[in-house]
Amino acid sequence: MNTYHAHIGGRPFAAEAGAIMTTFAATNAATGAHLADIARCGAAEIDAAVAAARRALPAWKATTYETRSALLNRLADALEAQAPRLARIDAQDIGRRLAETLIDYQIAVAQYRYFAGAILTHEGHGRPIPDGYLIAKREPIGVVGQIIPWNVPAIMVALKVAPALAAGNTIVLKPDENASLSTLEFAAIAARIFPPGVVNVVPGFGEEAGAALTRHPGVAKLAFTGSAEVGRIIGHAGAERLVPVSLELGGKSPNIVFPDIEDIGAVVDNALFAAMYCNGQSCLAGTRLFVHDDIYRPFTEALAGAAARIRVGDPLAADTRLSCLVSERQGARVLDYIGLGKAEGARLLAGGERVRVPGCEAGCFVRPTIFEARNDMRIAQEEIFGPVLSVIRWRDHDAMLREANDVRYGLAAGIYTAGLENAMRTADALEAGSVWINHYFNLNSGSPFGGVKESGIGREHCHETLNLYSHVKSITVQNRVSAPQFVPPGQV
Ligand code: NAI
Ligand code: MG
């Protein structure tokens with residue numbers, strides 16, 4: 001049985017002689033099989049990783065954009081070659097469909113290539129001033145501490161690592177305790193490409209390794225994706241040490257259907273995809289579906305019918321469309337919300353129960369669940385992170401917009417309409433970082449991704465992300481020493 005260690009300074013990190021190494025188990029989310037043991041790291045490993053990242057920093061900072069670009073492209077090629085193996089590890093570890101985890105690697109590979117290109121044009125600016133020049137140059141921030149969740153590990157790693165390395169920082173990254181395996185495999189791949197200490201991965205629990213990383217005085221920037229609750233903790237830690245923090249947190253995104261849509265079936269498929277992709281375990285999920293009164297009956301009937309036909313099954317089976325939640329704990333949370341929805345008086349239109357899947361007895365499989373709800377119900381306000389969709393009926397455009405925005409989050413939104421004016425007026429009014437018109441989830445390389453309100457701070461996945469990982473230094477050059485600037489002529 002494999003034991004995975006932290007990856008520090010380019011190699012697996014062995015604890016000092018005599019130290020007792022404790023581990024935790026990685027298990028197959030569907031079958032419960034034991035996959036590997038993982039070092040349960042804490043402050044000692046974080047110290048070693050930050051030290052390695054600091055040692056690597058001066059040389060890495062000094063590399064040319066061209067060098068970083070070439071290495072990021074090599075990383076993309078290596079990951080692409082290993083994607084089938086890595087996607088299988090993720091599918092087993094977190095219970096998502098193999099078809100989906102393969103897509104994760106396509107998106108991840110595209111991120112490394114995107115930032116390999118983007119860094120080449122990450123220019124500062126300059127201009128002549130009397131007798132000299134002003135230069136504003138971009139500099140890396142230093143050692144960055146990054147903490148990621150379990151839902152789409154390959155994408156999460158890429159969103160964090162690609163821009164940080166491109167901009168010349170070195171990294172200490174903590175994966176999630178539910179999904180560390182592929183990230184530790186990634187660390188081994190990266191170690192063959194980047195100088196030792198540029199990429200360090202330290203697995204462990206949030207309150208141990210995660211907390212040690214966020215408070216480490218050697219870390220110059222923090223980046224986090226996960227729950228709003230932990231995001232707040234990371235924000236406090238950053239404020240304490242006055243280091244910049246970027247946060248990508250939860251969502252409760254509205255998906256809005258106008259009565260002028262041409263093809264109900266196509267929009268139903270989109271709406272289900274928006275709510276159920278990743279088994280609903282996506283911060284971007286479109287979990288509040290606003291359906292106009294005029295088409296409400298036929299639309300919800302088609303929606304409930306299509307949800308009932310979604311095949312729930314083994315993550316590794318080719319015909320599965322929805323698989324299990326990451327853990328029994330996450331499953332219990334989702335089932336509690338389903339119970340809460342019923343108690344709040346929401347009407348169940350589809351699903352609502354756990355399913356047993358033969359051969360996958362340990363997995364928590366929940367049928368695609370659709371509630372007819374009101375926007376002020378807790379199931380419509382709180383992030384459930386499972387296959388649960390709340391449908392909300394609307395008639396008045398302004399009242400619907402107020403409800404769509406009446407939520408603590410603001411990550412994404414979808415709009416379905418044949419009318420350009422509807423689409424643009426609604427897109428402008430929505431409080432969301434990303435708005436999709438007549439589709440959902442379509443993130444192309446370069447589309448800014450991030451939230452407003454409690455969905456976070458900062459934009460990833462785009463050129464601007466390089467600014468989260470660098471700061472501007474201005475250098476003002478005078479050709480020769482001259483009189484101080486703000487003194488009237490003749491007075492010194
Ligand atoms: P979480 O926010 O607790 O975990 C995310 C990461 O933060 C993990 O790596 C964890 O080890 C780390 N962490 C936890 N406590 C920490 C601390 N005190 N200091 C430093 N790092 C810490 O999310 P969890 O418990 O897995 O999921 C709970 C809910 O959060 C989900 O049901 C979902 O609503 C939301 N969530 C949102 C995600 C997103 O993509 N925005 C991803 C995962 C969860
Ligand atoms: Mg697992």
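Because the model is predicted, local features need pLDDT of at least 70 and side-chain atom pairs count only at pLDDT 80 or more, whereas totals for chains, interfaces and linings use all residues. Residues are numbered from 1 along each chain, ligands are numbered from 1 in the order in which they are written, and side-chain values use heavy atoms, without hydrogens and water.

Visitor: Into which domains is the chain divided?
Guide: Domain bounds here come from an automatic or database domain assignment. The chain is divided into domain 1 (3-249 + 460-474) and domain 2 (254-431).

Visitor: How much area do domain 1 and domain 2 bury between them?
Guide: Buried area is the accessible area (1.4 Å probe) that two parts lose on being put together, summed over both. Of the area that domain 1 buries against domain 2, A30, R97 and W150 supply 31%, more than any other three residues. Between them, the two domains bury about 1900 Å².

Visitor: Which residues of the largest nonpolar core touch the most other members?
Guide: A nonpolar core is a set of buried (under 20% relative accessible area, 1.4 Å probe, protein chains only) Ala, Val, Leu, Ile, Met, Phe, Trp, Tyr and Cys residues joined through side-chain atoms within 4.5 Å. Among the 101 residues of the largest core, those that touch the most other members are Y112, F194, F299 and L303.

Visitor: Which residues are the closest to ligand 1?
Guide: Counting residues with a heavy atom within 4 Å, 28 residues surround ligand 1. A polar side-chain atom of S227 lies 2.6 Å from an oxygen atom of ligand 1, and a polar backbone atom of I148 is 2.8 Å from an oxygen atom of ligand 1; polar contacts are pairs of N or O atoms within 3.5 Å. The closest residues are I148, W150, E177, S227 and E383.

Methods: Buried means under 20% relative accessible area, exposed over 50%, partly exposed in between (1.4 Å probe, protein chains only). A polar contact is a pair of N or O atoms within 3.5 Å; within protein, one must be able to donate a hydrogen and the other to accept it, and residues adjacent in sequence count only if both atoms are side-chain atoms.
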